Amino acid sequence: MRALLTKLEQASTLDRTGDRLQRAVQATLRPQRVRDLLHGVFIGHPLHPALVQVPVGSWISAAVLDLMPGQRRAATALVGLGAVSALPAAIAGLNDWAALSREQRRVGLVHAAANAVGLTLYAGSLAARLRGRHGTGRALAYLGLGAASAGAYLGGHLAYKQGAQVNQSISELHRIGEGWHPLADMANLPQRKLVTREVDDVSVILYRHGDEVTVMLERCPHQSGPLGEGDVTEIDGHACVVCPWHGSAFRLNGGEVMHGPSGNDQQILPTRVVDGVLEARLP
């Protein structure tokens, strides 16, 4: 299985289809506010894995009820609920997929195809059940569950092996030692400009606004882009740093994500000033 997944990651033959689909998704989901909604910006967490709980839970519950007598109506209702709720989950997933790296998109393309097969089978199962063909409906549902399970396995590979939509910067915290760490003399910190420093070899950015200084991890949560090389812009009245790689934006006075493709907030370190020296520590 490991060898198969490695080959899938390296399957450049998928790029032609993947590139076309990526352009189509980006052209369709054009307004930034729509993309941000689907990325989960409003909750500071990717939306797709939260949405998939409804179809997965519905279909697994239907599979259990199909083994029990007298549960045809309940099983049919759950199959229908799963099919309907799979659509918004798929749209959110496509939005996330379009912002991934090429190797991730290859696995994601097969992940989406497996789920599409599963959804098609469940739609057929629902149609059969509504026509009174419950035996056919059960058979199609179990085939659909198999396809969806294969898709879920690939989704796990995307998240846990390839790091798709996982916060890429949070692991930096584990490299920072306990206690307060000196970073800079306050007298030498410029106003409203990004300054890059290191805490135990972990890169952070400093941003001073008056007497307040933000210390933020420098690696972008989305794909590890260098926030220290990004621009500072105002969004909804807040100063934000914009990642130069993919455009994710984070509030400099709190770390909240303002624009995707990142669905995660960025980590801020607590600060203090001692004898004119700015210090930071682990949260």
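This report walks through a predicted protein model, from its overall build to a few backbone details.

## The model and its ground rules

The model is predicted: local features need pLDDT of at least 70, side-chain atom pairs count only at pLDDT 80 or more, and totals for chains, interfaces and linings use all residues. Residues are numbered from 1 along each chain as its sequence is written, and side-chain values use heavy atoms, with hydrogens and water left out.

## Overall build

The protein has 8 helices and 11 strands. Both kinds of element are DSSP runs, numbered from the N terminus: helices are H or I runs of at least four residues, and strands are E runs of at least two. Along the principal axes, the C-alpha atoms fill a box of roughly 80 × 40 × 35 Å.

How many of the 283 residues count as buried? The share is 45%. Buried means under 20% relative accessible area, exposed means over 50%, and partly exposed lies in between (1.4 Å probe, protein chains only).

## The Rieske span and an open sheet

UniProt places the feature "domain: Rieske" at residues 180-280, in an unreviewed entry. Such positions are given in the numbering used here, feature names are shortened, and annotations may be inferred rather than shown by experiment. In the model, this span is 0% helix and 50% strand. Its end C-alpha atoms lie 5 Å apart.

Now look at an open sheet of 3 strands. Its order is β1-β11-β10, and the pairing is antiparallel. The edge strands are β1 (181-185) and β10 (271-274), and each pairs on one side only. Neighbouring strands here are turned by 35 degrees against each other on average, direction ignored. For such angles, axes are lines fitted to C-alpha atoms (for helices, over the stretch in contact), and angles run from 0 to 180 degrees between N-to-C directions.

Strands of a sheet pair through backbone hydrogen bonds, either parallel or antiparallel. Two strands count as paired if DSSP finds at least two bridges between them. β10 and β11 (residues 277-280) pair over 4 bridges. Which residue of β11 is the bridge partner of T271? It is A280.

## Salt bridges

The structure holds 11 salt bridges. Each is a side-chain nitrogen of Lys or Arg within 4 Å of a carboxyl oxygen of Asp or Glu. K161 and E9 form one of them, at 3.4 Å from N to O. K161 lies in helix α8 and E9 in helix α1 (residues 2-9), so this pair ties together parts that are 152 residues apart in sequence. K161 is exposed, with a relative accessible area of 55%. E9 is buried, at 12%.

D15 and R106 form another salt bridge, with the closest N and O atoms 2.8 Å apart. D15 lies in helix α2 (residues 15-28) and R106 in helix α7 (residues 102-130), so the pair ties together parts that are 91 residues apart in sequence. Are D15 and R106 buried or exposed? Both are buried. They also belong to a salt-bridge network that links D15, D19, R102, R105 and R106.

D211 and R208 meet in a salt bridge too, at 3.9 Å from N to O. D211 counts as exposed, at 67% relative accessibility. R208 is buried, at 14%.

## A nonpolar surface patch

V56, I60, V64, L67, M68 and Y142 make a nonpolar surface patch of about 560 Å². Patch residues have over 30% relative accessible area and no salt bridge; like charges are joined within 9 Å, and nonpolar side chains (Val, Leu, Ile, Met, Phe, Trp, Tyr) within 5 Å. Accessible areas come from the Shrake-Rupley method with a 1.4 Å probe; for residues, only the protein chains shown count as cover.

Which helix gives the most to this patch? Helix α5 (residues 53-65) does, with 3 residues. Y142 is found in helix α8 (residues 134-161). Y142 is partly exposed, with a relative accessible area of 35%.

## Backbone exceptions

Most residues other than glycine have a negative phi, and most peptide bonds are trans. A cis peptide bond joins G260 and P261, with omega about 20 degrees. P261 is found in the loop between β8 (257-259) and β9 (268-269).

R192 has a positive phi, near 55 degrees. R192 lies in the loop between β1 and β2 (194-199), and is exposed at 53%. D200 also has a positive phi, near 50 degrees. D200 sits in the loop between β2 and β3 (202-209), and is partly exposed at 37%.
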